[in-house]
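This report describes a protein chain in plain terms. Please look over the sequence and the structure before reading on.

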Amino acid sequence: LPRFNNSSSQVTVVLLQNPAHYPINGRLYFWGPTGTLLHTETFTAAPKGLYLLITSNVSALAGLSGTFTVANDGRYGDLAGKAVALEPATGFSFDSPLLPPPR
């Protein structure tokens, strides 16, 4: 489960890459530290395209942190991505890859 953090001045950007020749539709589920569902975001990743979400722009996630999961209608492993946390005040950044669940 990748983490997101919108506390203080930190922000997380979610990047989902679709290498397939067909669109992939799905949902991002954002969970609080106690496991409470905070927000659900629907998305469509165009064929050979990139979907980008700046989590601090989602009002339901403002000032919050936690984890997120991704559900989609693509074939196993077709959707790739990562979450990138950025701290503009210090230049600090780190990323967490999205990994498909084991089969």
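Helices (H or I, at least four residues) and strands (E, at least two) are DSSP runs, numbered from the N terminus. The model is predicted, so that local features need pLDDT of at least 70 and side-chain atom pairs count only at pLDDT 80 or more, while totals for chains, interfaces and linings use all residues. Residues are numbered from 1 along each chain as its sequence is written, and side-chain values use heavy atoms, with hydrogens and water left out.

The protein chain has zero helices and eight strands. From the N terminus on, its elements run β-β-β-β-β-β-β-β. The radius of gyration is 14 Å, close to the 13 Å that the globule rule gives for 103 residues, so the protein chain is as compact as a globular protein of that length. Here the radius is taken over C-alpha atoms, and the globule rule is 2.2 Å times the number of residues to the power 0.38. Along the principal axes, the C-alpha atoms fill a box of roughly 40 × 30 × 25 Å.

Of the 103 residues, 37% count as buried. Buried means under 20% relative accessible area, exposed over 50%, and partly exposed in between (1.4 Å probe, protein chains only).

| Residue | Relative accessibility |
|---|---|
| Phe43 | 4% |
| Asp78 | 12% |
| Tyr51 | 14% |

Where does Asp78 lie? Asp78 is in the loop between strand S6 (65-72) and strand S7 (80-87). Leaving aside neighbours within four places in sequence, Asp78 is in contact (heavy atoms within 4.5 Å) with Gln17, Pro19, Ala20, Tyr22 and Ile24. The C-alpha atoms of Asp78 and Phe94 are separated by 23 Å, and these residues are 16 apart along the chain. For the protein chain, 68% of the contacts between residues at least 6 apart in sequence join residues at least 24 apart.

A pair of aromatic rings is described by the distance of the centres and the angle of the planes. Rings of Phe, Tyr and Trp (its six-membered ring) pair if their centres lie within 6.5 Å; planes under 30 degrees apart count as stacked, over 60 as edge-to-face and the rest as tilted. The whole structure holds five aromatic pairs. One of them joins Phe43 and Tyr51, which are tilted at 35° between the planes and lie 5.3 Å centre to centre. Ring pairs also link Phe4, Phe30 and Phe68 into a cluster.
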